[in-house]
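This briefing is meant for a reader meeting the structure for the first time. Please look over the sequence and the model before reading on.

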Amino acid sequence: MNLSAAAHPGFLSPTGVEITFVLIGLATLGAALLTVTTRQLVHAALWLVVALGGLAVEYLLLTAEFIAWVQVLIYVGSVVVLLLFGLMLTKAPIGRSPDADSENRLVALGVALAAAAALVWVVVDAFRTTWVDLHGVAQGSSHATGESLFRHWVLPFEALSVLLLAALVGAIVLSRRDAGSPGGATTGAGSPADSATGKEQS
Amino acid sequence: MTLTALAALVPLLPFLGAAAGLLLGRRAPGFVRPLAVLPTAASFVLAAVTAARQGTGAPTDAAHRLTATGSVPIDLALHLDGFSVLIAVLVGLVATCVQLYSVSYLRDDPRYPSYAALVSLFTSAMLLVVYTGDLMVLLVGWEVMGICSYFLVGHHWETEAARAASIKAFLVTKLGDVPFLIGVFALASDAHTFRIDGILAAAAEGRLHHPTVVALLLLAGVAGKSAQFPLHTWLPDAMAGPTPVSALIHAATMVAAGIYLVARLLPVFTASAAALAVLAAMAAVTMVGSGLAALAQDDIKRVLAYSTIGQLGYMAGALAVGDRDAAVFHLLSHGAFKALLFLGAGVVIHAAGTNSLTAMSRMGSLGKRVPDAMWTMGLALAALAALPPLTGFFSKESVLRAAEHASSGDAAHVPSAVGWTVLVAGLTAALLTAGYAARLFLLAFRGSGPDAPDHGRQPVVMTTVLWVLAVPTLAFGGLTYRELPDWFGGAPLGPTLLTSVLGTGLALVGVLVTYGAWSASSATRMAVPVGAVVTADPDAEPALVEAEATATHQEVYGDIAAADDPGDPGRLLLGRLHPLAAHGFRLDAVYSALFVRPVLAAANLVRFLDREVVETYVRAAGGTPRLLGAAVRRAQNGNVQTYLSALLAGAVVLAVLVAVGG
Amino acid sequence: MHLAYPAVLAVLLFCVGLYGVLARRNAILVLMSVELMLNAVNLNLVAFDVWLRDTVHAGQALTLFTITIAAAEIGLGLAIVLLVFRHRGSSDVDRLTGLAEPHGGPGAPHAPDASDATPTPAADDEKAEASA
């Protein structure tokens with residue numbers, strides 16, 4: 001691996017995949033930044049869609065196509081919808097809300113920057129010359145993934161379905177109104193999770 | 001009944017009486033008086049029977065070991081010999097008289113039950129001290145007496161004087177008791193036993209390693225209990241207690257215990273010439289100083305208190321010259337006449353309504369109001385002044401004879417200088433004693449002026465007791481000085497010509513000089529009336545009258561001890577020494593400056609250190625965590641994001657540290 | 001392709017999510033930030049799986065599991081947020097301070113439902129951190 005890495009040119013000669021990856025990555029990062037900084041709550045959810053979608057493209061570039069589609073289906077399709085439901089059910093204000101960030105912002109900024117600096121330094125230091133060979137047999141095709149999943153990961157997979165069932169029941173119990181109180185509006189919190197698990201299970 | 005059982009009953013009966021009196025005192029008031037008098041009287045009879053059966057025979061020893069007590073065993077030991085049985089008889093006699101007298105003297109006192117029980121306990125403790133053959137058991141009696149004296153002196157605790165006096169008595173005697181305790185332990189560790197006969201055997205064989213140190217330590221306790229210089233200051237103040245208590249303490253019990261102890265342990269003291277010299281110096285200073293002080297006192301009971309100190313000085317002097325026979329002889333005779341003097345003084349105070357000699361000297365016919373007291377006290381004062389043929393003459397002559405014997409160097413172990421010291425001091429004290437005895441009699445009973453208030457006849461019990469005690473005062477010495485050497489197993493005690501002539505001559509000189517001074521100052525007395533004579537309610541019980549008189553003395557005369565009376569013969573005799581002597585040579589002031597004030601200052605310092613410094617640390621120890629807690633509590637604001645920020649910041653710091661450091 | 005690109009992108013996404021978790025006031029926005037962090041981890045898993053060419057595809061399998069768990073988590077989380085909102089009328093994280101030390105000294109009474117409701121988002125967030 002080190003030999004092949006050494007044989008390839010360094011950062012100065014990026015391939016087309018790399019350029020694409022970096023550009024998409026910048027877009028993803030920008031969307032993520034907007035997600036955590038925008039003052040409009042609904043926009044945050046929409047920017048999250050962009051970020052997650054960008055990540056799906058990155059997965060594709062890394063030849064993990066099945067993961068990419070799952071990402072689009074679950075995250076972009078259900079999780080964000082779920083979050084939007086949540087925003088609406090909690091009567092989140094539409095439009096700019098001046099108090100979207102808490103007073104903890106400066107501390108959070110410091111911690112995040114410090115963590116970013118430390119991690120970037122470590123990661124760059126460790127993987128400066130590591131080369132990922134994207135050619136050859138695709139790692140993440142549906143075929144390969146399904147084979148490994150049902151050959152090597154059956155038991156965790158089934159255990160995961162139990163976990164999902166538990167989460168389902170838990171979400172229903174938590175969001176259920178007390179007996180006698182009218183309305184069942186919040187059962188929506190449980191049902192999208194249900195649909196998500198259904199998709200996942202299939 | 002065996003002799004041992006008989007002797008064991010003697011201290012036990014008053015003890016049981018005291019316990020029963022304390023238990024039944026409130027519930028059955030009718031039993032209190034019998035319970036006070038009968039056990040003590042029975043104990044007196046038993047003591048007399050014990051003395052008769054013991055007689056002049058060999059000492060009887062009996063011991064019972066209750067339990068093993070470590071390295072040095074402690075026995076319930078009984079030791080009967082001539083000394084102990086005779087002193088026990090004296091204690092029994094005086095205690096019985098005091099109990100009888102108290103029945104009348106404190107007839108209306110609401111605290112009489114506890115008072116009588118304490119007197120019984122006191123008696124029991126003294127009898128235990130007298131009979132025991134073990135130093136540890138002796139120490140028990142010794143300390144019980146100390147605490148009983150505290151309670152009894154403070155009987156009138158409503159008055160400031162009584163409270164102060166009781167605390168002073170307790171503290172001063174305890175001051176001596178601490179070295180005494182150490183001395184007892186040192187003695188026992190040398191002799192490997194607490195038994196007195198074992199210790200004496202060890203002393204005879206020279207097995208005591210530090211006789212001087214031990215003897216000096218014991219002397220400190222003796223000086224405290226027997227009121228010798230420099231620890232005598234509690235005794236005059238102890239006059240704040242009721243008169244019967246004074247009689248008990250002074251005549252037979254507490255102060256006698258110290259002398260008795262030295263007499264029992266005399267071989268330990270004679271093993272060290274230095275200890276004897278210290279004892280002699282103590283005795284000499286005590287004799288002369290107390291005589292001078294007694295001449296200047298205004299309170300009749302304080303005169304007697306100083307005379308007690310002086311007579312104890314005689315006994316200590318006799319012990320210093322190595323003659324315990326003479327010391328115990330004087331102890332016995334002194335016990336009889338001093339008890340009489342105090343009980344008589346109680347009658348006089350009751351009759352006169354005051355305890356001030358100055359006031360009494362302006363009262364006509366006081367002697368006629370209380371003839372019994374006058375005659376018996378006259379006898380006792382003559383005995384005190386050692387006029388023949390009264391008992392005091394014989395016992396004091398035996399002391400002087402022993403001193404003269406030692407001064408010529410004839411006594412073994414005793415340096416002749418010690419003998420000379422005691423002899424000279426004894427003769428000087430004889431002069432002074434006669435002087436203050438005469439002054440007391442003349443001022444109290446030969447006053448002139450308005451008649452004393454008429455209180456009617458004094459209670460029969462009280463006067464009877466005076467006459468009972470007058471018998472030994474009159475006859476004890478003369479009848480027994482030939483027999484006593486058999487009991488004590490020692491040298492003859494009879495008076496010799498030289499000391500008799502010297503002592504009696506000096507006593508007569510003292511009496512005559514005082515009489516002359518009294519006559520000379522009588523005109524002054526007539527001219528200067530006393531500002532205020534406080535006379536208490538005549539129908540009150542005697543103890544109340546006395547308490548009131550003691551309490552008001554300071555208000556009226558400006559001082560508790562002295563009165564500003566230009567017609568006092570003592571003032572004429574003492575001259576410029578008078579104010580000094582009246583205040584006990586200002587020894588209390590010296591002690592106050594030397595010990596009390598530094599201790600108080602140190603206590604203040606300690607209090608300051610404790611309140612301000614130590615307390616600050618304590619407060620800081622409590623306050624710092626509280627402040628820290630408040631600071632930490634502020635961090636607990638419930639905001640999960642803050643918590644998480646701190647958590648993650650910490651994680652980043654740790655990761656960086658690991659990355660950099662690793 | 002250089003491994004550093006996806007790795008650095010993952011780090012930056014993670015830190016952006018971290019900032020969001022710490023700085024956002026609305027509980028749902030906090031949940032979104034948690035999703036960002038989870039996705040950063042997923043990206044790492046995929047990239048390393050591709051690099052190592054793992055024969056059992058541990059990285060991609062784990063990514064799938066993580067996505068599943070994230071879905072479950074978001075469901076539960078939203079249910080909890082809704083519950084809190086129903087009880088308190090607000091889903092602002094920094095106003096859910098029922099666990100705070102009361103200023104009147106220890107033992108001062110406070111609303112019992114607050115102490116019931118607030119631990120759950122906290123535990124939820126930390127669970128998200130742990131799984132991330």
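This is a predicted model: local features need pLDDT of at least 70, side-chain atom pairs count only at pLDDT 80 or more; totals for chains, interfaces and linings use all residues.

Chain A and chain C bury about 7,500 Å² between them, and the contact draws on 96 residues from chain A and 69 residues from chain C.

**Chain A**
- Read from the N terminus, the elements of chain A follow the order α-α-α-α-α-α-α-α.
- Of the 202 residues in chain A, 41% are buried, while the accessible surface of the chain comes to about 10,600 Å², with 70% of that surface belonging to carbon and sulfur atoms.
- Among the contacts in chain A with a separation of 6 or more, 70% are between residues 24 or more positions apart.

**Where chain A meets chain C**
- Carbon and sulfur atoms account for 76% of the area that chain A and chain C bury between them.
- The count of salt bridges between the two chains is one, and it joins A:Asp101 to C:Arg24, whose closest N and O atoms are 2.8 Å apart.
- Across this interface there are also 11 residue pairs in polar contact, both residues being at pLDDT 80 or more.
- Several helices of chain A, including H3 (41-61), H5 (105-127) and H7 (154-175), each supply at least two residues to the side that touches chain C, and H2(A) gives the most, with 13 residues.

**An annotated span in chain C**
- The unreviewed UniProt entry annotates residues 61-85 of chain C as "transmembrane region".
- In the model, residues 61-85 of chain C are 100% helix and 0% strand, and the end C-alpha atoms of the span lie 36 Å apart.

Conventions:
Residues are numbered from 1 along each chain as its sequence is written. Chains are lettered from A and ligands numbered from 1 in the order in which they are written. Side-chain values use heavy atoms; hydrogens and water are left out. Helices (H or I, at least four residues) and strands (E, at least two) are DSSP runs, numbered from the N terminus. Buried means under 20% relative accessible area, exposed over 50%, partly exposed in between (1.4 Å probe, protein chains only). Contact means heavy atoms within 4.5 Å. Accessible areas come from the Shrake-Rupley method with a 1.4 Å probe; for residues, only the protein chains shown count as cover. UniProt positions are given in the numbering used here, feature names are shortened, and annotations may be inferred rather than shown by experiment. Buried area is the accessible area (1.4 Å probe) that two parts lose on being put together, summed over both. A salt bridge is a side-chain nitrogen of Lys or Arg within 4 Å of a carboxyl oxygen of Asp or Glu. A polar contact is a pair of N or O atoms within 3.5 Å; within protein, one must be able to donate a hydrogen and the other to accept it, and residues adjacent in sequence count only if both atoms are side-chain atoms.
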